[in-house]
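Subject: Handing over a structure

Hi,

Here is the structure I promised to pass on. Please have a look at it first, and then read on for what turned up.

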Amino acid sequence: MENQNVPSIKSNNPAPTVEQINADKITQLANKYWAPHTTDIHLPFNSQIVDDIYIQEICASKFSIRRIMMLEFSQYLENFLWPNYHVESATRAHTMSIVVMVNEKFRERVQVWEAFEKNPTHFAGFFQKVLEACLEESIMDFDLKEQTALIVFLNHCFNSMEVPLVREEVKRLVSLSMWISLQEGRRELEFKKYPKWRKYWKVIRKKDNPELKEKLEWERKFLHRLMIKFMTILETIPLEEPVFPDKIRYCERFLELIIDLEALLPTRRFFNTVMDDCHLVVRCQLSNLLHRSEGGLFGQVLILY
């Protein structure tokens, strides 16, 4: 006789079953608002639905892969989030939801940028909101999952330079004009080593539109400010006291971003000088995290330098 008390086998695979998908709250919402097979009965777009899903399904689950997979399976990004994204009215939850879904598409290795290329109107504004979120100053431990997601998204963008829509946004962050972040003495030293860059620098400064000066300087200083923020977070990690795991993960993902920027020819040429001027590698080598047991991966990534 079959043993009725045999425990069920637990799988490490987070993929939900067909029955779970059909009964899931996300599927029910998708059928009402964005599922491709129910277009005739879709309800009008409601931004509160986006906010609720972000808070209840993503944040409350601590960015659970299972919940995010459910959203991806329902075609949440291409059928609901992006078609209804408008820079002027988009909530933070809407922007962050797109970031999370793009990261999931990269994790699953499926087509990512097609939806944006079909409807590129608001991509520049969306990308600007992402950059602003990356530099938010008030960062508490519970915010670091969001900040890590933003760093991962940014890394995906830099690694998608072959996509014209993406390249148009990221190239401004790593051009010669980012040397505005250098100390004047260091910049002069670099110009003496590479005289042609001084000529290009003068041309860029002359062509700058005075009305856009504030925006241009913000973009050019973005990566420098992001590195300063990273080092500030890194230096809050104590040598022995307990540390929030998400803080360590943020530092690991940030180092991966830096390594990729250094590895890509279109980005490393001018970025490397700014990074060196920040003494980022030295600050990492002197950090407490490097001497903690949880800092093993951080140390392995740092060795790549």
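Which residues does glutamate 72 touch, not counting residues up to four places away in sequence? They are Met101, Glu104, Lys105, Glu108 and Val110, where contact means heavy atoms within 4.5 Å.

Before going further, a word on conventions. This is a predicted model, in which local features need pLDDT of at least 70 and side-chain atom pairs count only at pLDDT 80 or more, while totals for chains, interfaces and linings use all residues. Residues are numbered from 1 along each chain as its sequence is written, and side-chain values use heavy atoms, with hydrogens and water left out.

**Overall layout**

The chain has 18 helices and zero strands (DSSP runs numbered from the N terminus: H or I of at least four residues for helices, E of at least two for strands). Its C-alpha trace spans about 85 × 50 × 30 Å along the principal axes. Of its 305 residues, 47% count as buried; buried means under 20% relative accessible area, exposed over 50%, and partly exposed in between, with a 1.4 Å probe and protein chains only. Among contacts between residues at least 6 apart in sequence, 71% join residues at least 24 apart.

There are two domains, domain 1 (16–172) and domain 2 (174–304), with bounds that come from an automatic or database domain assignment. Their centres, taken over C-alpha atoms, are separated by 27 Å. At the contact between them, 24 residues of domain 1 meet 26 residues of domain 2.

**The core**

The largest nonpolar core has 95 residues. By nonpolar core I mean a set of buried Ala, Val, Leu, Ile, Met, Phe, Trp, Tyr and Cys residues joined through side-chain atoms within 4.5 Å. Those with the most contacts inside this core are Trp113, Trp179, Leu223, Leu226, Phe230, Phe254 and Leu280. Helix H15 (residues 245–263) gives the most to this core, with nine residues. Domain 1 and domain 2 both give residues to the core, so it lies between them.

Leaving aside neighbours within four places in sequence, tryptophan 113 is in contact with Val102, Phe106, Phe123, Phe153, Cys157, Ser160, Val163 and Val166.

Tyrosine 250 sits in helix H15 and is buried, with a relative accessible area of 0%. With neighbours within four places again left aside, the contacts of tyrosine 250 are Leu144, Gln147, Thr148, Ile151, Lys229, Phe230 and Ile233. One of these, Phe230, is also listed among the residues with the most contacts in the core.

**Around helix H4**

Now back to glutamate 72, which belongs to helix H4. Glutamate 72 is buried, at 10% relative accessible area, and its side chain is joined to that of lysine 105 by a polar contact of 3.0 Å. Here a polar contact is a pair of N or O atoms within 3.5 Å; within protein, one must be able to donate a hydrogen and the other to accept it, and residues adjacent in sequence count only if both atoms are side-chain atoms.

The buried residues of H4 (residues 65–73) are Arg67, Ile68, Met69, Met70, Leu71 and Glu72. Their cover includes helix H1 (18–23), helix H2 (25–33), helix H3 (47–59), helix H5 (76–81) and helix H6 (92–108).

**The pocket**

The largest pocket is lined by 23 residues, of which Asn103, Arg107, Ala149, Val152 and Arg249 lie nearest its centre. A pocket here, on a 1 Å grid over the protein atoms alone, is an open set of points where a 1.4 Å probe fits, with protein on both sides within 12 Å along at least five of seven lines; lining residues have an atom within 4 Å of a point. The space in the largest pocket is about 540 Å³, a volume filled by probe spheres set on the points, which are joined across faces, edges and corners. H4, H6, helix H9 (144–158) and H15 each supply at least two residues of the lining, and H9 gives the most, with eight residues.

Best wishes
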